[in-house]
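This report describes selected local features of one protein chain. Please look over the sequence and the structure before reading on.

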Amino acid sequence: MNKFSRKLQKLHDTAPKEETAILVTLIRQQQSEQEVEEHLDELAFLAETLGAKTVYRFTQRMEKPEIKTFVGSGKLEEIRAYVEHFEVDMVIFDDDLSPSQMRNLENEIKVKIYDRSLLILDIFLKRAQTAQAKTQVELARFQYLLPRLTNMWTHLERQRGGTGTRGGSGEKEIETDKRDIRAKITLLKEKLLEIEKQGVTQRKGRKGVVRVALVGYTNVGKSTLMNLITKTDILAENKLFATVDSTVRKVVLETVPFLLSDTVGFIRKLPSHLIESFKSTLDEIREADLLVHVVDISHHAFEDQIGVVTQTLNEIKAGDKPVLLVFNKIDLVLQMPSEEESQHISEHELQETRYVDFKALSDAYEKKNGIKPVFMSATSAENVEEFRAALLAEVKKQHRKIYPHYLEDEVIEWNEKDILN
């Protein structure tokens, strides 16, 4: 063996090991297999966003969770055996676990347990940039973890922003950690009050200007649309919750100014106690004059996603605001062919290809919202002028409410004859 080979043998791989995860969910009686797979696909996407690779999925058909361990004893043994054999780092459940369920599962499986809320909270903590967002999410995370603290969750300060470090040294240390967390919760609440006072002052300075908020399910293209309108460079990734902090930009269209804010995306099964963890975003939505609801029309369950967003808006008392619906990503779908065009398409192709009926959608949602929807692609800028015109028209309506005597359509022409007379 030469000198170079001996040196190579001494080198160690310092790259962080990608953590592995298995997913667990219950199948209720009314759920189809397709719906269950869709939910697990989304959970896997959440795990990937946090930095964990999904290696297997476990399902069990039960109408309600088992009180002690969420899943039945037989399924729990399957999960434990798989984790041991393949040295899996964590188990992620698609529902929230009670404190006792989390403790029992960690005692049985001996790895870190995530439920859906904790997974989303850790993603929020990883993504948050502003002091307010970081403080809000950290507070929500500590409040959520306090009753769930076990040996697997000690030394929490080392876990922030990632999938974490396991380990603990007993019941006494857990009690110490609980006291530390209670103290941190008190300090975070005080810090948040100061930050929120500053936020109220900032928002007071925006009175008298139309405020527009981009809302929608997570990963539908809100930030891409924001960049297109404002010509800025806000982070836009193909990941869930790429945006956690709200971003506000001033826009002027045809001399009409307004403020446009990009907000965190909503998601199904987002518990109410988590909604307040992004209060800064909710304030932008609650105080907006107009909501632009962005929809990923290429997603096969986009109408379900519209329902999730609508329900969440109602929960935060913003469901009565005017809504401009924007069907985004039309470059990824096929428009329903006309009767004449369909005569040249085989029956097999018509059945196998997923077409979207733009006209039927437009008619249905215009009747529902009172505003005609827009179909566009923020990535390719397709139909961007149509969107710009629709947005301007709705902003003008709100602008007239603030400035009812604004003469934006009246033009007085002066000529030499008028002056002489």
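## Basis

The structure is a predicted model.

Strand E3 spans residues 90-93. Met-90 and Ile-92 point one way from E3, while Val-91 and Phe-93 point the other way. All of these residues are buried.

E3 pairs with E1 and with E4. Strand E1, residues 19-27, runs parallel to E3 and is joined to E3 by four bridges. Within this pairing, Leu-23 has Ile-92 of E3 as its bridge partner. Strand E4, residues 112-114, also pairs with E3 in the parallel sense, over three bridges. Here the bridge partner of Met-90 is Lys-112 in E4.

Asp-95 lies in the loop between strand E3 and helix H4, the latter made of residues 99-109. Its relative accessible area is 13%. Asp-95 counts as buried because this value is under the 20% cut-off.

Which residues are in contact with Asp-95, leaving aside its neighbours within four places in sequence? They are Thr-25, Arg-28, Phe-70, Asp-115, Arg-116 and Lys-269. Of these, Thr-25 falls within the residue range of strand E1, and Arg-116 falls within that of helix H5.

## Helices H5 and H6

Helix H5 covers residues 116-127 and helix H6 covers residues 131-145. Their axes come within 9 Å and cross at roughly 155°. The angle is over 145 degrees, so H5 is roughly antiparallel to H6. The crossing of the two helices is left-handed.

On the H5 side, the contact is made by Ser-117, Leu-118, Leu-121, Asp-122, Phe-124 and Leu-125. H6 contributes Lys-134, Val-137, Glu-138, Ala-140, Arg-141, Tyr-144 and Leu-145. Sorted by class, the contact has eight nonpolar residues, four charged residues and one polar residue.

## Two asparagines with positive phi

Asn-219 is a residue other than glycine with a positive phi, near 70°. Asn-219 sits in the loop between strand E5 (210-216) and helix H8 (222-230). With a relative accessible area of 18%, Asn-219 is buried.

Asn-383 is not a glycine either, and has a positive phi of about 60°. Asn-383 is placed in the loop between strand E12 (374-375) and helix H15 (384-402). Is Asn-383 buried or partly exposed? Its relative accessibility is 33%, so Asn-383 counts as partly exposed.

Notes. Residues numbered from 1 in each chain as written. Predicted model: local features only at pLDDT ≥ 70, side-chain atom pairs only at ≥ 80, totals over all residues. Heavy atoms only, no water. Axes fitted to C-alpha atoms, helices over the stretch in contact; angles between N-to-C directions. Parallel < 35°, antiparallel > 145°, perpendicular 65-115°, else oblique. Left-handed = near helix turned anticlockwise from the far one by under 90°. Contact = heavy atoms within 4.5 Å. Nonpolar A, V, L, I, M, F, W, Y, C, P; charged D, E, K, R; others polar. Buried < 20%, exposed > 50% of the residue type's maximum accessible area, 1.4 Å probe, protein only. Pairing = 2+ DSSP bridges.
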